[in-house]
Amino acid sequence: MLETVLLSTILLSDTVAIEKVQNLDEVVIVSETGRGRKRSAKGQVASIDEHLSELRNVSLVRRGSYAWEPVVNNMQTERLSTTIDGMKIFYACTDKMDPVTSYVESGNLQSISLNSGLDGNPQATGNIGGSLDLKLRKTSFDNAPFHASASAGHEWNGHVQVYGADAALSSHRTYLNAGAFYRHADNYKVGGGDELQFSQFQKVNVFTNAGLRLAEKDMLEATFIFDRATDVGYPALNMDVAKAEGFITSLSYKHLFRKASWETKVYYNHITHEMNDTKRPDVEIHMDMPGKSCTAGVYSLLTTALKQHDLALNYDLYYNRLFADMTMYPGGAAPMYMVTWPDVRTLNTGFALTDNIRIGRNQSLRLSAKLAWQQQRLNNEEGYHALRVFFPGMEDAYHQTTGRIAANYALSIKNYALSIGAGWGSRAPTVTEAYGYYLNNTFDQYDYIGNPSLKNESAVELNSAVKWHPTERVNVTLDGNVFLFSNYIIGQFETRLSPMTVDAEGVKVYNNISHATIVNTSMTAEWQLTEQLRWNGKVSYSSGRDTDGDPLPLISPVSWQTELQYHYQRLQAQAVVKGNTRQSNNGGKYGETAASEWAILNLSAAYHFSIFNFQSSIRFGVENLFDKQYATYADWNHIPQKGRNIYMNLTFAI
């Protein structure tokens, strides 16, 4: 179940239980075996994107029906940190068609946790907007000796097929779990029945986790994930993806002390992404755009409890290589070649400290800080010299120092829970922002060029929340935050340059503007009407402005949702109505056009039962019941969402 929590994780051995407190703003449970109820109506068969959409502070930029880009506090990938079990992974596509979240599957995840704003998880770097950590599902030691499950699902709109199976073995000395997941989708139909071309995809995900107890308090764990997506269409773009492939591996050592825990993990991942437009009709110049991302890293995390303090000390280091190029094939002429990411090698290392301080019975103070240093070197001569045409004084190596510090105070008084927090943080420019070369952005139809002379972007965050629970059946929460940016990085017009992409409006170069502001507020309410019936609702408002007071792009309009849940014995049912108002403050200055208001109704139900010693469940529902044609503000180029979609899935476990 998605909830706002102060989450305590219990690390167990035969003789010791150590409590580690993490200040998580939201958690969504993915696995059937996770604590609490799962939030997604589709259960474990739901896609990662659908699970992410249940997080209150998260929205998703959608360029097709696959691999949506998470947005936290109305900030995109550049201002977020996304990790998988603490591992740093970087996308390999210059158009952000493969966010980190696209390389895992619901079948190998336990939960998704979100830290909003500058109070990030220990491995997070540059997380001005927030940090996401995808926790892998591991059976662990001393669990059930054998466990297996299988699931199958079908969605009628787009003929989406989903199949998955996994099995686990566990004992006091060892554990092993492994599984596979497969998805296939054809083009879907928008509201009204029209088919949206190039919205198909298919993917397979295989994973295994293993553990070995070296001694009573010493454990070794290993993880391997292979994920491959092929024939992925992107109707909002002018190119599709022939292959997006990821290898993710890690090996970790854990030791339990009497009042402490120490984990050290080494990891390596390799991402390959191949864009092309060979299946698109009427293409004037065909292009191939492959990209590669390789990351090797290590982190060492020590957690301990000392009287009123819960301390966490983390050291992490990673080395990343990003390379992307483009080959254009004009009819009747020789191919043209261009480097778009000039083989940038990034070495980043940092220390993070977190202290949760209990002040009496009803007060707490959380302090967190991180300091990181990084060096970036351009190793492709052709790409380096191409950028030097625009920046004659640029070098082939740069280094930056970034950091963050945050404090949060919480107080509980009778029927109220109050919190107030503040923080400061900075981030280095991304590879695209600093070294990208003629990257076409179909959002505003401009070619973008990086700027190696960019300053680090920084922001001050202020946040507060109040929760009122007059009775055990009623909860009302009002919260908000504001981010005050300095040296905000965004693309700006450069009239002296000519575009390279056919039909592009012009060229933009990334630059710092003196300041910008993003404000987010929301109110949520829950009411347990009866033992079986529960209602909840939420409404949120956001605003983003640049130095001139003009709206920033991709800032959510007023959004709202109301939901009625019914639970009786093994039956669960829910009705959800959600929507957005018209996006009146769209970023027209940055090429954004307004999105219209919309509202849809979703219905779903689930029934849990046992048959032949199998714990089973059946889920069914209908999304967009009235087949409305609509697009949200975050749908790239306003590509329509799915029309009416009926789905059903089955899950069996033993």
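The model is predicted: local features need pLDDT of at least 70 and side-chain atom pairs count only at pLDDT 80 or more, whereas totals for chains, interfaces and linings use all residues. Residues are numbered from 1 along each chain as its sequence is written, and side-chain values use heavy atoms, with hydrogens and water left out.

The protein has three helices and 33 strands, taken as DSSP runs numbered from the N terminus (helices H or I, at least four residues; strands E, at least two). Its radius of gyration is 24 Å, close to the 26 Å that the globule rule gives for 654 residues, so the protein is as compact as a globular protein of that length. The radius is taken over C-alpha atoms, and the rule is 2.2 Å times the number of residues to the power 0.38. The C-alpha trace spans about 70 × 55 × 45 Å along its principal axes.

Of the 654 residues, 56% count as buried, that is, under 20% relative accessible area (1.4 Å probe, protein chains only).

An open sheet of five strands has the order 3-8-9-6-7, with mixed pairing; strands pair if DSSP finds at least two bridges between them. Strand 6 (residues 80–84) and strand 7 run antiparallel and are joined by two bridges. Ile84 has Met87 of strand 7 as its bridge partner.

Definitions and conventions: Buried means under 20% relative accessible area, exposed over 50%, partly exposed in between (1.4 Å probe, protein chains only).
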